[in-house]
Amino acid sequence: MNKQIHRGSVLPAGQKVDGLHAVLAGTSSRYPPVVFEHGCGVSSEVWTLVYPEIAKLTQTLVYDRAGYGFSDPGPLPRTSDRCVEDLRRLVEHLGIVRPFILVGHSLGGFYARLYAERYPEDVAALVLIDASHEDEIRGLFPIPYLKRQRLSVRLYGLAKHVARTGLLPWLAERRWIPGFGKFAAKLPEQAENAIWTSVFRANSLEAAESEYNCFVGETGSVPRSRFARLPLAVIKAGIYRPAGSPKPTIRQEVERTLYSTALKMQQLSEKSRLIEVEGSGHHVQVDKPGTVIGIVKRLLELTRAENNSSSCTNGG
């Protein structure tokens with residue numbers, strides 16, 4: 001989507017619900033609502049190129065998990081169970097019509113799978129965007145990749161301590177953090193300012209450290225079930241191209257294994273699609289928002305058609 005359309009956009013105001021910052025947009029309609037779950041180390045602003053378009057059709061919910069964005073810190077450790085139950089309470093408190101479409105990115109995709117497994121009656125369809133998978137923390141990946149996962153936990157911890165000195169927020173205020181500016185500049189201006197403000201706070205980094213530490217250490221539940229005939233879209237950043245050499249590099253081996261995990265997620269449902277998005281980095285909803293919007297719109301139509309069919313069958 002053309003970024004210039006969004007630069008001056010005024011996004012809906014958020015509200016605090018039991019300490020969680022949530023933004024409701026759109027209104028209930030013939031389509032199910034859509035709930036968005038962000039990844040680790042960011043905030044709900046990553047959805048601002050996507051949810052306003054979906055809100056033209058139905059109600060949407062984006063929120064910051066405990067500690068992230070403008071939400072209050074939650075109890076530690078931030079296990080998968082705590083994150084899933086927080087979302088469940090939020091949905092109930094806000095009275096979101098169920099079932100809804102659940103969209104999860106990265107570690108948020110891992111939580112979305114667990115939510116759909118635990119509360120199948122809540123979920124009409126599932127979208128997993130470059131979602132984390134339990135294979136990433138087991139011996140199925142190359143050793144250097146597994147070491148990098150553990151290093152990420154330590155880096156979040158280090159950043160948390162630096163943030164508490166005030167240095168990271170000071171640098172973020174001046175937008176002097178290398179690499180982040182290019183990513184943030186793709187967002188609408190209001191969201192860009194908000195994400196610079198929120199991501200480098202100590203609370204946000206502590207939440208990221210705890211969540212990722214729990215994921216790497218498998219503290220908390222890990223989803224294990226298939227979803228039978230639940231409509232499922234698995235979106236993978238980039239296109240996997242097998243190595244031409246009989247001895248692939250570590251990077252090629254990681255790419256192969258990531259593709260394998262995407263296939264495993266696709267196989268969780270009989271009604272699933274795997275969509276590879278060329279030219280996108282890990283944040284597909286920021287790099288290629290139109291692709292995500294199109295997929296969610298197709299699922300809205302599919303679920304509406306299925307509901308109509310079910311109503312006719314029950315009525316007949």
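Me: What does R118 form a salt bridge with, and how far apart are the closest N and O atoms?
Reply: R118 pairs with E85, and their closest N and O atoms are 3.0 Å apart. R118 belongs to helix α4 (residues 107-118) and E85 to helix α3, so the bridge ties together parts that lie 33 residues apart in sequence. A salt bridge here is a side-chain nitrogen of Lys or Arg within 4 Å of a carboxyl oxygen of Asp or Glu. Helices (H or I, at least four residues) and strands (E, at least two) are DSSP runs, numbered from the N terminus.

Me: Where do these values come from, a predicted model or something else?
Reply: This is a predicted model: local features need pLDDT of at least 70, side-chain atom pairs count only at pLDDT 80 or more, and totals for chains, interfaces and linings use all residues. Residues are numbered from 1 along each chain as its sequence is written, and side-chain values use heavy atoms, with hydrogens and water left out.

Me: What is K264 bridged to?
Reply: To D135, with 2.5 Å between the closest N and O atoms. K264 is in helix α10 (residues 250-266) and D135 in the loop between β6 (123-129) and α5 (143-164), which puts these distant parts of the chain 129 residues apart. D135 is buried at 6%, whereas K264 is partly exposed at 35%.

Me: Which residues are linked in a network?
Reply: R88, E92, R98, E121 and D122 are linked by salt bridges.

Me: New topic. What is the strand order in the open sheet?
Reply: Its eight strands run β1-β2-β4-β3-β5-β6-β7-β8, with mixed pairing. β1 (15-17) and β8 (272-277) are the edge strands, each pairing on one side only. From one strand to the next, the twist averages 25°. Helix α3 (residues 80-94) packs on the sheet and touches β1, β2 (20-25), β3 (34-37), β4 (60-63) and β5 (100-105), its direction making about 135° with that of β4. Two strands pair if DSSP finds at least two bridges between them. Contact means heavy atoms within 4.5 Å. Axes are lines fitted to C-alpha atoms, for helices over the stretch in contact, and angles run from 0 to 180 degrees between N-to-C directions.

Me: How many aromatic pairs are there?
Reply: The count is 14. The ring centres of F110 and F215 are 5.1 Å apart with planes at 75°, so that pair is edge-to-face. F110 is in helix α4 and F215 in helix α9 (residues 202-216), 105 residues apart. Rings of Phe, Tyr and Trp (its six-membered ring) pair if their centres lie within 6.5 Å; planes under 30 degrees apart count as stacked, over 60 as edge-to-face and the rest as tilted.

Me: Which residues form one aromatic cluster?
Reply: F110, Y111, Y156, Y212 and F215. Of these, F110 is buried at 4% relative accessibility, and F215 is buried at 5%.

Technical notes. Buried < 20%, exposed > 50% of the residue type's maximum accessible area, 1.4 Å probe, protein only.
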